[in-house]
Amino acid sequence: MLKLGILSACIVYFAYFVSFEQVFALIRVELFLAVAAVQSLFFAATCAVALRHSVLLGRDRVTFGVCLKALLLSAGINLITFGRISELVKLTYLRKNAGISFPTSGAALLVERLFDLLAVSIIGLIGFTGIYLESSYVPTLMAVVGGAGLLLAKPAAVYGRHLIGDRQGRFAGFIRETCIHIQTTLSRRNIMSVSSLTFLSWGVHFVGIWLFFFLLPDVSLSWEQASLVFGAIIFAAAMPGLPAGIGVVQAAVTLTLTSMGIDVDTAFTLSVALHIAEILISALTAPVLLLTTSTGVGDLLSTVTKSRKQTVT
């Protein structure tokens with residue numbers, strides 16, 4: 001209900017304040033060039049994330065190429081599905097094409113999200129501190145949560161293994177394998193590698209957002225202002241409402257830009273163009289991957305069906 005309420009508010013806002021005739025008038029060649037220019041940076045950021053995922057899963061088990069395909073496939077499916085169920089496709093793809101179990105890939109995903117939370121909050125904190133110092137409590141809280149999660153993840157995994165002990169069963173086995181992988185993954189060497197790749201990926205992504213506005217002749221944002229737009233995109237995309245965060249992303253970016261003195265029509269146009277720039281690579285690659293590779297969803301459904309039949313029998 002909350003998501004529907006937010007989305008409804010976004011629609012009302014756009015319908016009331018935005019002049020779509022003016023929006024179409026603002027669509028110029030420079031806007032398309034800016035969208036094209038940042039694709040290399042956004043793809044580089046995706047590659048850094050794929051390499052990080054390979055490290056967390058064990059490079060000897062999963063190659064960079066497999067992780068990159070899993071990320072692109074998941075991001076592409078997120079464009080047409082509600083919520084964040086596309087994350088499940090990433091897990092089924094790795095299970096099908098690399099033999100990685102759900103507990104292992106799930107543990108890697110959990111550790112990734114903690115690193116992301118810490119990195120994004122630090123970048124956002126820089127922007128808030130530069131412009132709205134009184135609002136810095138939000139990214140500060142995120143940084144504390146992310147940092148605490150990373151510090152406590154390994155001790156929690158050790159305690160989880162101790163708590164499970166030698167218990168048998170699927171649930172106990174799932175928890176045990178998850179804890180073992182978290183313990184193995186969070187070695188000092190891996191922490192350094194994953195930290196570097198995390199800040200590299202988000203840093204390159206942030207530079208891409210700044211470059212997008214820098215290339216537009218009438219709109220040029222400072223690093224701090226670009227950081228605010230970056231934070232708006234991340235927070236809006238994290239709300240699993242409509243596919244690809246349509247509507248919410250536009251509202252968040254539009255409101256952020258208007259707070260900087262940009263008129264609402266220009267702000268809305270830029271929000272749509274920036275959103276297209278964000279999802280363009282996934283939109284182009286996902287259909288090809290869906291036609292040429294197996295997502296593993298069918299195998300999962302088949303396994304669940306067989307398990308249910310055996311249980312009934």
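Buried means under 20% relative accessible area, exposed over 50%, and partly exposed in between, with a 1.4 Å probe and protein chains only. I note that this is a predicted model: local features need pLDDT of at least 70, side-chain atom pairs count only at pLDDT 80 or more, and totals for chains, interfaces and linings use all residues. Residues are numbered from 1 along each chain as its sequence is written, and side-chain values use heavy atoms, without hydrogens and water.

**Entry: aromatic pairs**

I looked up the rings and found six aromatic pairs. Rings of Phe, Tyr and Trp (its six-membered ring) pair if their centres lie within 6.5 Å; planes under 30 degrees apart are stacked, over 60 edge-to-face, and the rest tilted. Trp202 and Phe230 have ring centres 5.8 Å apart and planes at 80°, so this pair is edge-to-face. Trp202 and Phe230 are both buried. Phe212 and Phe213 also form an edge-to-face pair, 5.1 Å centre to centre with 85° between the planes. Both of these, Phe212 and Phe213, are buried.

**Entry: helix 5**

Next I checked helix 5, residues 64-78. Helices (H or I, at least four residues) and strands (E, at least two) are DSSP runs, numbered from the N terminus.

**Entry: His181**

I found His181 in helix 9 (residues 170-185). His181 is buried, at a relative accessible area of 9%. Leaving out residues up to four places away in sequence, His181 touches Leu56, Leu57, Thr104, Ala107 and Ala108; contact means heavy atoms within 4.5 Å.

Notes. The expected span of a helix is 1.5 Å times one less than its number of residues.
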